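Okay, thanks for coming, everyone. Let me put the model up and walk you through a few bits of it.

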Amino acid sequence: MEERKHLIQNPVAKILLCCQGFALLHFISLLPLSSCQSFNYGEALSKSLLYFESQRSGHLPYHQRVTWRHHSALTDGLDQGVDLVGGYYDAGDNIKFGLPMAFTITMLSWGVLQYGDQLALAGEYHHALMAIKWGTDYFIKAHTHPNVLWAQVGDGDSDHYCWQRPEDMTTSRQAYKVDEENPGSEVAGETAAAMAAASMVFRKTNQRYSHLLLRHAKQLFEFGDKYRGKYDESIEVVKGYYQSVSGYKDELLWAALWLYKATDREEYLNYALENAQDFGGITWAIKEFSWDIKYAGVQIIASMLMEEEKHKQHKHILEQYRSKADYYLCACLNKNYGSNVERTPGGLLYIRQWNNMQYVSAATFLLTVYSDHLQASNQRLRCDHGEVGSEEVFAFAKSQVDYILGDNPMAMSYLVGYGLRYPQRLHHRGASIASYRKNKGFIGCTQGYDYWFAQKGPNPNVITGALVGGPDIKDEFRDERANYRQTEACTYNTATLVGVLAKLHSLEGRDHGTSCF
């Protein structure tokens, strides 16, 4: 994303005058969708996983399905004497930011752990594992010593000065690390969480790899906890892009709980219990969940532990975690007294104008996971305005997915490549320039701005499965390349959607695939 990714399009539907042969098709695409519409969640799921192949950095594999991309950033880390080739570009630029990349992998892994059977039913389980492994392979490289983690490659300022395909990059590829003298507990904690969660994903299919990931996760958690400090104070160049507003305590709680889930070792659970008060786990009432602020996720995972008999002894603290989890969920459902998540007139959760969809998809995932928990434990969500059953919680989560896929005032699918009408001018360097396979000529730093960025037409390459920033508070969206607040997509936007789409696909044919309004 450009400038502050932390903070977050507005479609005035544009009628593009095309040649006569396409006029009728174009007219149809601008018509409002039916008031009772059906969505193909299986197709949306397949496309969402395809997106991660568009964001790959490094040497692309022979089975790469997104063919407009090519190898890139093959010397990352060379100047520092370390191999940092691989990983993911976070959004429409060519930088590898460690914190949001790790969150992307944590949430993809959680989706697989929660909905692995449904992913397998859809034929997408293997693709989900490959998306995770592309990230964890990179984290293994980046964790070069128990107390050293390379947390960023590339410089936002120089990168944003240029508009180039990743295959042509001439911008700085300087790598930045956190270590004992320059701590970074947020990125160490989130990477520990990602590797712990992923270790569970690979436990059945690749035990050796699973053990390797878990070893790295333990070391990273110990490093982040022992040498505490904000990562953006050690890597100052990240401040304009992924500054940590919530600090590192939520990431340490988050990592401890994921390590507990991965190991079943009491020391990690005790960490989350003993630090619940001081680290804000049972004091912060939060209305958003994101790459920066993990409290809602921490509170939901902790609250779900209460159903196990062995955790009854910790009921007092876990009840407090659940109280805060309830607050977040009820705020999304508009069931709190006074303080709820704002909504657009079309019913979309609205946190802020910059990349609002990241908060929507993250909330949708947590709501779906918790609805499963409520159903399995025969409980109801306790809100100020009364109790809410699992079906109502899930129905609202589904309404957010349906809005994303086209059930909205703009009749626009915000998942690129899905439906008849979706954003065409994403703020994305690689997508907006002719692909390397079609044009192997070098495109310079400002040449991309001069010719490609300024073009008014659609991008030559479609980033299938990308979830863009989305509409504004009035449900309006401007499909313009320069409108990065609305037309830029990020890996973590789509990552939290994968599991929910898998569940919805498994329910198709049971009257769950139709949305009427």
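So, let's start with strand β3, residues 149–153: five of its five residues are buried, so the strand is largely enclosed by the rest of the structure. Buried here means under 20% relative accessible area, exposed is over 50%, and partly exposed is in between, with a 1.4 Å probe and protein chains only. Helices (H or I, at least four residues) and strands (E, at least two) are DSSP runs, numbered from the N terminus.

Quick word on the source: this is a predicted model, so local features need pLDDT of at least 70 and side-chain atom pairs count only at pLDDT 80 or more, while totals for chains, interfaces and linings use all residues. Residues are numbered from 1 along each chain as its sequence is written, and side-chain values use heavy atoms, leaving out hydrogens and water.

Who are the neighbours of β3? Strands pair if DSSP finds at least two bridges between them. β2, residues 96–97, runs antiparallel to β3 with two bridges, and β4, residues 175–178, is also antiparallel, with four. Val153 partners Lys96 and stands opposite Ala175.

Now the cysteines. We call a disulfide any pair of cysteine sulfur atoms within 2.5 Å, and that gives two. Cys162 and Cys445 have their sulfurs 1.9 Å apart, and the S-S torsion is about -90 degrees, so this disulfide is left-handed. Those two cysteines sit 283 residues apart.

The other joins Cys330 to Cys383, S to S 1.9 Å. Cys330 lies in helix α13 and Cys383 in strand β7.

And Cys332? Its sulfur is 9.2 Å from that of Cys330, too far for a bond.
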